[in-house]
Amino acid sequence: RDDALAKADSYDELLAAASLYVGGNQSGAADALAKLDAADYEGNAKALYDGLAGAVSSSLFSQYYTAGTTAYAAGDFAAAVQQLQLAVESDPEGTNANYVDALAYLGFAYYNQGDTQNATEIFNEIVTKYPGSTWASQVQGYMGQPGTAQTQEP
């Protein structure tokens, strides 16, 4: 009986997360999903969980990426760091097409704030994970170099 009640509660929480997403509250849906365990679901509920998790991740990434790159272009590097870090965290597998761009903007936002340690960590990640990319060759000249608060676009 207790297991059945716990399972019913878990399904109710999944439906609440879906309701938040359908209502346009991606952040709330993401928070609600983070509290759930995918292993608790099977069948259609598992399909709903997986679909919702993918949709929320993609939607959150786009929201944070846009806010971060907008802040970067405006020269608000602190806001850019905050938003771009959220974008990167919302896609832990790095599957979004703009993921490496988000990393590059994040690295340059750190760099332009004078935070060369965090910038170099991000740039190293780009070089390691995306060795043949245009970004990998572009960031190498900035690794370990003192930041100069440039507003150059990456």
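A crossing of two helices is called left-handed if the near helix is turned anticlockwise from the far one by less than a right angle, and right-handed if clockwise. Keep that handy for the exercises below, and remember that you're working with a predicted model.

**Exercise 1. Find how α4 and α5 pack, and which residues do the touching.**

Step 1: Start with the geometry. α4 and α5 have axes 9 Å apart, at an angle of about 150 degrees.

Step 2: Compare that with the cut-off. Angles over 145 degrees count as roughly antiparallel, so α4 is roughly antiparallel to α5.

Step 3: Get the handedness. α4 passes α5 in a left-handed crossing.

Step 4: List who meets whom. From α4 come F77, A80, V81, L84, Q85 and V88, and they meet Y99, A102, L103, Y105, L106, A109, Y110 and N112 of α5.

Step 5: Sort them by class. You get twelve nonpolar, two polar and no charged residues.

**Exercise 2. Now do it for α5 and α6: what is their crossing angle, and which classes of residue are in the contact?**

Step 1: The two axes come within 7 Å and cross at roughly 160 degrees.

Step 2: That makes α5 roughly antiparallel to α6.

Step 3: The crossing of α5 past α6 is left-handed.

Step 4: Residues in the contact include Y99, V100, L103 and A104 of α5, along with I122, F123, E125 and I126 of α6.

Step 5: Count by class, and there are twelve nonpolar, three polar and one charged residues.

**Exercise 3. Describe the packing of α1 against α3.**

Step 1: Here the angle is about 35 degrees and the axes lie 11 Å apart.

Step 2: Handedness again: this crossing is left-handed.

Step 3: On the α1 side you'll find Y11, L14, L15, A17, A18 and Y21, which meet A45, L48, Y49, L52, A55 and V56 of α3.

Step 4: The class count is twelve nonpolar, no polar and no charged residues.

Notes: Residues are numbered from 1 along each chain as its sequence is written. This is a predicted model: local features need pLDDT of at least 70, side-chain atom pairs count only at pLDDT 80 or more; totals for chains, interfaces and linings use all residues. Side-chain values use heavy atoms; hydrogens and water are left out. Axes are lines fitted to C-alpha atoms, for helices over the stretch in contact, and angles run from 0 to 180 degrees between N-to-C directions. Helices (H or I, at least four residues) and strands (E, at least two) are DSSP runs, numbered from the N terminus. Angles under 35 degrees count as roughly parallel, over 145 as roughly antiparallel, 65 to 115 as roughly perpendicular and the rest as oblique. Contact means heavy atoms within 4.5 Å. Ala, Val, Leu, Ile, Met, Phe, Trp, Tyr, Cys and Pro count as nonpolar, Asp, Glu, Lys and Arg as charged, and the others, Gly among them, as polar.
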